[in-house]
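Let's walk through this structure together, one piece at a time. Please keep the sequence and the 3D view side by side as you read.

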Amino acid sequence: MSRSETPLSDVLADVARAVVSTQKELDAQANRSSGELPLAPLAFVVKQTDVILLGNLSAQRSDSLAVQDPALTFALVNRVQASLRGSGGAALSSRVSVSIQAIEPPHAG
Amino acid sequence: MPAKRRAVPKPSIAGRAQETVVTAKGTLPERKKLPAADFFSALQRNLDAVQRQLSSANNAFADFVVKEFKIEAAVQMNLNELGVLQLVPADDTMSPQSVSRVSLTLAAVAKMTDEAPPKDMLRADATALADLTWLPPRLVAQLAQYEVKTAGEFLGLVADARFSTQIASLLKVQRADIGRWANQMRLLDLPGMTVQEVRVLGDLGIYTVTDLATLGEKAIVDLQRRASKTLTKETLVKWREAAKQALL
């Protein structure tokens with residue numbers, strides 16, 4: 001695995017962590033709120049997060065007889081790499097998109 | 001604002017898959033080939049992992065769920081001699097003209113518990129061919145070279161009569177043997193049936209679910225007598241009833 005390749009599960013985990021962290025920050029703001037904030041009685045939910053990742057997929061699987069799950073890795077393409085590759089590079093890139101939604105906060109409404 | 005955590009629906013594949021143009025020709029890099037089924041199951045596992053992480057996140061205010069997951073993968077495609085679709089993720093060494101795109105959209109839906117298949121029904125799908133002691137090891141090795149490594153994959157292959165003939169020719173085995181092995185694998189779908197028990201039944205001349213379902217009382221007594229160390233009459237009767245249910 002080259003230095004820029006990361007297991008796809010780790011990439012997605014980062015996305016999940018980012019959503020939860022954002023929500024925790026919003027919760028903290030709501031709990032800290034007092035008279036100085038104009039929206040003091042309100043709380044907020046990260047309703048939906050859409051993330052689109054552009055990069056290169058690769059897969060690794062052992063050649064043994066045993067049934068072994070392959071591992072997918074993902075290498076994000078940075079802006080410099082994308083520009084150097086030109087239009088041909090786009091055809092070689094993969095796109096992973098994940099939407100994460102908040103579901104029915106029990107105290108909403 | 002503390003809130004009691006609730007179970008969140010686990011995402012399952014309920015989306016649509018499009019496999020676009022197969023443009024790859026010639027030999028693909030051998031080490032990088034990945035059966036399409038493995039590619040999709042790897043995606044499923046990654047998605048399960050992110051959903052597990054979301055549902056276990058210690059966040060009191062809101063629960064989160066993966067609403068949709070899309071992937072447009074740049075891959076080279078190949079069909080091997082046994083018809084197994086293989087994918088090779090694109091890299092910089094490939095010409096863009098040789099690369100196809102596989103587009104897959106997964107949507108999260110709540111699982112209906114009463115629709116979930118019994119755990120035992122999945123055994124044949126997951127059982128490695130290498131674990132099936134009644135299969136010749138040489139055959140297992142040959143099938144592995146064609147990316148056929150589980151009973152489920154083997155059954156999927158032989159379900160298509162065209163490939164059954166092709167397998168017999170490629171692997172130099174008899175079609176009748178292929179049919180018998182497939183039938184023995186289907187026995188694994190009976191609740192509680194193990195690989196070892198299928199082998200014992202095979203030694204007794206029982207190869208199919210129908211063979212089991214049609215056992216008479218006298219035959220059961222006879223079988224039990226011949227394999228008294230491993231089979232009881234109650235077990236045989238239980239399997240016969242399960243086999244009858246499977247044939248309904």
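Two strands are said to pair if DSSP finds at least two bridges between them. Helices (H or I, at least four residues) and strands (E, at least two) are DSSP runs, numbered from the N terminus. Before we start, note that this is a predicted model, in which local features need pLDDT of at least 70, side-chain atom pairs count only at pLDDT 80 or more, and totals for chains, interfaces and linings use all residues. Residues are numbered from 1 along each chain as its sequence is written, while chains are lettered from A and ligands numbered from 1 in the order in which they are written.

Chain A has 109 residues, of which 26% count as buried; a residue is buried if 20 or more other C-beta atoms lie within 10 Å of its own, exposed if 12 or fewer, and partly exposed in between, with C-beta atoms placed from the backbone. Contacts are defined on those atoms too: two residues are in contact if their C-beta atoms, placed from the backbone, lie within 7 Å. Among the contacts in chain A between residues at least 6 apart in sequence, 59% join residues at least 24 apart.

Now turn to strand S3 of chain B, residues 63–79. Which strand of chain A does S3(B) pair with? The partner is strand S4 of chain A (residues 94–103), and the two run in the antiparallel sense over 9 bridges. Within this pairing, A:Ser99 stands opposite B:Glu68, and A:Arg95 has B:Glu72 as its bridge partner.

Inside chain B, S3(B) also pairs with strand S5 (residues 100–107), antiparallel over 8 bridges. Here B:Glu68 comes up again, with B:Ala107 in S5(B) as its bridge partner. S3(B) pairs as well with strand S4 of chain B (residues 85–89), in the antiparallel sense over 5 bridges, and there B:Gln76 stands opposite B:Val88. The hairpin of S3(B) and S4(B) has 5 residues between the strands, and B:Gly83 in this hairpin takes a positive phi near 80°. As you look along these strands, remember that in a regular strand the side chains alternate between the two faces of the sheet.

Let's step back to the contact between the chains. It takes 47 residues from chain B and 42 residues from chain A. On the side of chain B that touches chain A, the elements giving two or more residues are helix H1 (36–56), S3 and helix H3 (137–145). S3(B) gives the most, with 12 residues. By class, that side of chain B has 31 nonpolar, 5 polar and 11 charged residues, where Ala, Val, Leu, Ile, Met, Phe, Trp, Tyr, Cys and Pro count as nonpolar, Asp, Glu, Lys and Arg as charged, and the others, Gly among them, as polar.

Helix H3 of chain B is also the place of B:Ala141. Is B:Ala141 buried or exposed? B:Ala141 counts as exposed because it has 12 C-beta neighbours inside 10 Å. Its C-alpha atom and that of B:Ala130, 11 residues apart along the chain, are separated by 8.2 Å.

Our last stop is helix H4 of chain B (residues 151–158), which is mostly covered, with 6 of its 8 residues buried. The buried residues are B:Ala151, B:Gly152, B:Glu153, B:Phe154, B:Leu157 and B:Val158. An α-helix has 3.6 residues a turn, so residues three or four places apart point the same way. In the contact with helix H6 of chain B, the residues B:Ala151, B:Phe154, B:Leu155 and B:Val158 in H4(B) meet B:Ile178, B:Ala182 and B:Met185 in H6(B). The residues of this contact divide into 7 nonpolar, no polar and no charged.
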